[in-house]
Amino acid sequence: MQSLLEHRLLFCLCIDLSQEKPGDAKLFGRKLPIRSDWDEVKLSIMEELLRKKFHPSKPGFVEKLVRTSPREIIEGNTWGDTFWGVCNGKGENHLGKLLMKIRRELIER
């Protein structure tokens, strides 16, 4: 059985070296063990990653996000993800809410 560190390394190599579609990394990730506290930490981890993506040191990303204001951001999907997004009119849209929170903070700076 592979260790968690070995799983993480394989996942990183898949993302860095694969010329396949992004969905391939998602499928690979589904085969890895999930951390026991994932439901408690997934929102804070996503927020941390989004803050890195939309950091002021990356003005291109920041500008694109700020230009969406004042519109509501909805992560629409057709694959049934009702936690991060909205599917068939139903969902919690946590990804959209996090993006709007970060956008608001960027505008207020």
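**Entry 1: helices H4 and H5.** I looked up how helix H4 (residues 59-66) is placed against helix H5 (residues 94-108), and I found that their axes come within 9 Å and cross at roughly 105°. Angles of 65 to 115 degrees count as roughly perpendicular, so H4 is roughly perpendicular to H5. I note that the model is a predicted one.

**Entry 2: the contact.** Which residues of H4 and H5 make the contact? I listed Val62, Leu65 and Val66 on the H4 side. On the H5 side I listed Leu99, Ile102, Arg103, Leu106 and Ile107. I then sorted the residues of this contact by kind: seven are nonpolar, one is charged and none is polar.

**Entry 3: helix H3.** I next turned to helix H3, which covers residues 38-53 and has 16 residues. Which residues of H3 are buried? I found Val41, Lys42, Glu47 and Leu50 to be buried. I also looked up what covers these buried residues, and H5 is included in that cover.

**Entry 4: the whole chain.** I counted five helices and zero strands in the protein chain. Read from the N terminus, the order of elements is α-α-α-α-α. The protein chain has 109 residues, and 27% of them count as buried. Among contacts between residues at least 6 apart in sequence, I noted that 46% join residues at least 24 apart. Finally, I recorded that the protein chain exposes about 8400 Å², of which carbon and sulfur atoms supply 59%.

Definitions and conventions. Residues are numbered from 1 along each chain as its sequence is written. This is a predicted model: local features need pLDDT of at least 70, side-chain atom pairs count only at pLDDT 80 or more; totals for chains, interfaces and linings use all residues. Side-chain values use heavy atoms; hydrogens and water are left out. Axes are lines fitted to C-alpha atoms, for helices over the stretch in contact, and angles run from 0 to 180 degrees between N-to-C directions. Helices (H or I, at least four residues) and strands (E, at least two) are DSSP runs, numbered from the N terminus. Angles under 35 degrees count as roughly parallel, over 145 as roughly antiparallel, 65 to 115 as roughly perpendicular and the rest as oblique. Contact means heavy atoms within 4.5 Å. Ala, Val, Leu, Ile, Met, Phe, Trp, Tyr, Cys and Pro count as nonpolar, Asp, Glu, Lys and Arg as charged, and the others, Gly among them, as polar. The expected span of a helix is 1.5 Å times one less than its number of residues. Buried means under 20% relative accessible area, exposed over 50%, partly exposed in between (1.4 Å probe, protein chains only). Accessible areas come from the Shrake-Rupley method with a 1.4 Å probe; for residues, only the protein chains shown count as cover.
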